[in-house]
Amino acid sequence: MDILPPPAAPEKNTTILYGLEDKIPLGPSVLVGVQHVSAMVVGTVTPPLILAGALKFSPADTAYLVSIALLASAFGTWLQCRRRGPVGSGLLSVTGTSFAFLQPLSLAGQAGGLALMLGVSCVTAPLLILLAPFIARLRRVFTPLVSGVVVLLIGASLIPTAFYGLATPVAPDAPPWLGLVVGLVVVAVIVGAQASGRAWARIGGAALGIIAGCAVCGWFGGLRAPEAGSGAWFTLPRFFPHGFAFDWKFVPPFLFITLVSMLEAIGDITATSQLSGLPGKGPDHWKRISGGVLADGITSTVSALFGGFPSATYAQNNGVIQITGVASRRVGYVMAVILALLGLVPAVGRWITVLPPPVLGGLALMMFGLVAVAGVRLLFSAGLGQREGVIVALSLGMGLGLPTQPALLASLPGWLHGLLESGISAGGLTALVLTLAWPGPVSAKD
């Protein structure tokens, strides 16, 4: 029987103020938790809002989808950070509604409404649960090189979305460039907090940036109150609230996107491990990844059972770890409580979602850029020799170039169109294929 080497000691990371297992005081943990939630809450509720608008859902169904998205995020974040048995990464990770499923969900919704959307989600989500125990055996494929390409593409693909917020007018009579100014104020405050070298400034940097951006928006009349809700104080989850329907022809695209989300989770968890000062290889690392993917599968399955869409581990919160210097997983419990309150109390969530778009755009620009940097760090950790350089170059070329040619994609067969339409999947698949076709040496420690 093979004897595993002893666990590698955590790499020293002088930029971390609170490490993975450090006990952070309640006050700073709440402040950091709020910043994590601010970085991802809009992303979590946006997919159901987009689908509700495109498919003409009723206001009551839309409100329920938003609440379930937040509750599923709370449940998934708790699973990730808690790590009991094989479930959870044990890192400061957060889950939210996956944008990757928008297209297959939309097609299913056009064919059979919410019943079919949630039925196919419920059947395909357990794939992650089945694959999670075997991920370590796939480490020759899911290398730091592949993960680095995926994380870099995630950051690069998300950065343009930040400018939608920056280009949004602060007020109806405000000049178009004012949104960019607001975003720059947010970024300047965050950078200034980082440059100050003070622990409290780093921990509260993102919150200070949001406050400063909101102050500028308020000065120009860009703050507004949320719309009135239905009057209900609480939203309680319901089992199969829209019924159940199923059609096999929608399974392939759902299964492929599920595999892509697994690859994204591997990259995100690897980046979080790196930021937390933990080694990005070895048996302990693969146990964390396996637990994280298993938690994602459980969260997506439970979400579908109660009328929600598939979830995934989010990458933007790695940017919050870099900004605040806090990697303590205990912050995750605070995040889970905040997200649960937002989901159970609709009035609270409505106030969060009316933050001015330019403020969120400035914050997103900083966060998504740091996600891309985390991918670059992973690539350097893998070593960039001749083989690695060719794989990265071709993967980035496919991931960044192919989605810009919709006419070319439209000429491809439907299944191939679905595979390559996303830059993340196009680049990630290229890295996977090239890694298999051109294998490199694998360290005994991997």
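# Asking why: rings, cores and burial in a predicted model

Modeller: The chain has 18 helices and 2 strands. Residues are numbered from 1 along each chain as its sequence is written, and side-chain values use heavy atoms, with hydrogens and water left out.

Colleague: How do you know that the radius of gyration of the chain agrees with a compact globule?

Modeller: The radius is taken over C-alpha atoms, and the globule rule is 2.2 Å times the number of residues to the power 0.38. For 446 residues a compact globule would come near 22 Å; the chain has 21 Å, so the two agree. The C-alpha atoms fill a box of roughly 65 × 55 × 45 Å along the principal axes.

Colleague: Why is Ser93 called buried?

Modeller: Buried means under 20% relative accessible area, exposed means over 50%, and partly exposed lies in between (1.4 Å probe, protein chains only). Ser93 has 3% relative accessibility, so Ser93 counts as buried. Its place is the loop between α2 (59-82) and β1. Ser93 touches Thr77, Gln80, Cys81, Thr272 and Thr313, leaving out residues up to four places away in sequence. Contact means heavy atoms within 4.5 Å.

Colleague: What makes Pro358 buried?

Modeller: Its relative accessible area is 0%, so Pro358 is buried. Pro358 is found in helix α14 (residues 357-382). Beyond its neighbours within four places in sequence, Pro358 is in contact with residues including Gly165, Leu166 and Gly183. Pro358 and Val181 are 177 residues apart in sequence, yet 8.5 Å apart in space, C-alpha to C-alpha.

Colleague: How many aromatic pairs are there?

Modeller: Rings of Phe, Tyr and Trp (its six-membered ring) pair if their centres lie within 6.5 Å; planes under 30 degrees apart are stacked, over 60 edge-to-face, and the rest tilted. By this rule the count comes to 5. One of the pairs is Phe101 with Phe254, a tilted pair with 6.1 Å between centres and 45 degrees between planes. This pair links distant parts of the chain: Phe101 is in the loop between β1 (95-97) and α3 (102-124), and Phe254 is in helix α9 (residues 251-275), 153 residues apart. Both Phe101 and Phe254 are buried.

Colleague: Why is the pair of Phe246 and Trp248 called edge-to-face?

Modeller: The centres are 5.0 Å apart and the planes stand at 85 degrees, so the pair is edge-to-face. Phe246 has 29% relative accessibility and therefore counts as partly exposed. Trp248 has 64%, so Trp248 counts as exposed.

Colleague: What makes a nonpolar core, and which residues touch the most other members of the largest one?

Modeller: A nonpolar core is a set of buried Ala, Val, Leu, Ile, Met, Phe, Trp, Tyr and Cys residues joined through side-chain atoms within 4.5 Å. The largest has 60 residues, and Met117, Phe142, Val293 and Phe309 touch the most other members. Helix α9 gives the most to this core, with 10 residues. A second, separate core of 25 residues includes Ile24, Met40, Ala74 and Leu92. In soluble globular proteins, nonpolar side chains tend to be buried together.

Definitions and conventions
This is a predicted model: local features need pLDDT of at least 70, side-chain atom pairs count only at pLDDT 80 or more; totals for chains, interfaces and linings use all residues. Helices (H or I, at least four residues) and strands (E, at least two) are DSSP runs, numbered from the N terminus.
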